[in-house]
Amino acid sequence: MIKNIVKDIAATIYYNSFKRFSNCVGNRTLIYHAFGMDLSHDTYGISIPLDKFKEHMVFIKDNYEVKPLSESYSNNISISITIDDGYKDTMYAADILNKLSIPFTLFISTDNIGLKDYLTKKNIKDLSNLSISEIGSHGKTHTRLGNLTTQDQDNEVKSSKIALEKIINQSIESISLPHGSYNNDTFDVIRNNNYKRIATSIKGFNRSDNNMIIKRSEIIRHDNINHLVKKLKGYYDYY
């Protein structure tokens, strides 16, 4: 609680002293993870209640232009939705998104497919058949790419791409960096494996000056509509 209060105070100071005077337009791509699951490793709050997620999506649908990740570069204000990891409760979130006609990209670590708490191959295939969805890679083992050799990074991004393409019979064009981690070789390795988009954990607006590296802002359990709006405006881009 104290940490969140300090973070909110810092965000208000940052925004009013600097950010609001900068160019606060473009696409804001959001990261969600889980939707109500009680995850033993979730000390940060990545699992957001499903009703809160629905509240977020209805608010975004009513107030912003929403674009798929492939169109996430804009000189106007727009929102794109991504989901990392591939937890099994993504099915409930996808149902909400489908009913609201909100496009989304789901990033999956392929070694987790079919494990407890994770989507099955059939789930992934069903989701890929939705007109609003895109399936992307989140690496093979969800390992921090920035800690790996070039060869091991290549294996992570190549093998996951092949595995997912086999499941959905579609080309995999997008990848999300596990833990947001990368090093000097990572982007070249990904490009060499014919990905078109790299979703990062770097905060900020996406504009037309770079059509491959995508900045994203993470949404967590703590975030109510007020926090969501502040993240959309860039209050928390300071960290």
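Modeller: On a 1 Å grid over the protein atoms alone, a cavity is a set of points where a 1.4 Å probe fits but cannot get out, a pocket is an open set with protein on both sides within 12 Å along at least five of seven lines, and lining residues have an atom within 4 Å of a point. Volume is the space filled by probe spheres set on the points, with grid points joined across faces, edges and corners. This is a predicted model, where local features need pLDDT of at least 70, side-chain atom pairs count only at pLDDT 80 or more, and totals for chains, interfaces and linings use all residues. Residues are numbered from 1 along each chain as its sequence is written, and side-chain values use heavy atoms, leaving out hydrogens and water.

Colleague: How many cavities of 30 Å³ or more does the search find?

Modeller: One, in a search of the whole structure. The largest cavity has a volume of about 80 Å³. Among the residues lining it are Asn4, Lys7, Tyr44, His222 and Tyr239.

Colleague: What makes a residue of that lining nonpolar, polar or charged?

Modeller: Ala, Val, Leu, Ile, Met, Phe, Trp, Tyr, Cys and Pro count as nonpolar, Asp, Glu, Lys and Arg as charged, and the others, Gly among them, as polar. By those classes, the cavity lining has four nonpolar, three polar and four charged residues.

Colleague: What about the pockets?

Modeller: The largest pocket has a volume of about 620 Å³. It is lined by 29 residues, and the closest to its centre are His33, Tyr44, Ile46, His179 and Glu218. The second largest pocket holds about 180 Å³, and its lining includes Asn4, Lys7, Tyr44 and His222.

Colleague: Which residues of H2 and H7 meet?

Modeller: Glu55, His56, Phe59 and Ile60 in H2 meet Ile225, Leu228 and Val229 in H7; contact means heavy atoms within 4.5 Å. Those residues divide into five nonpolar, one polar and one charged.

Technical notes: Helices (H or I, at least four residues) and strands (E, at least two) are DSSP runs, numbered from the N terminus.
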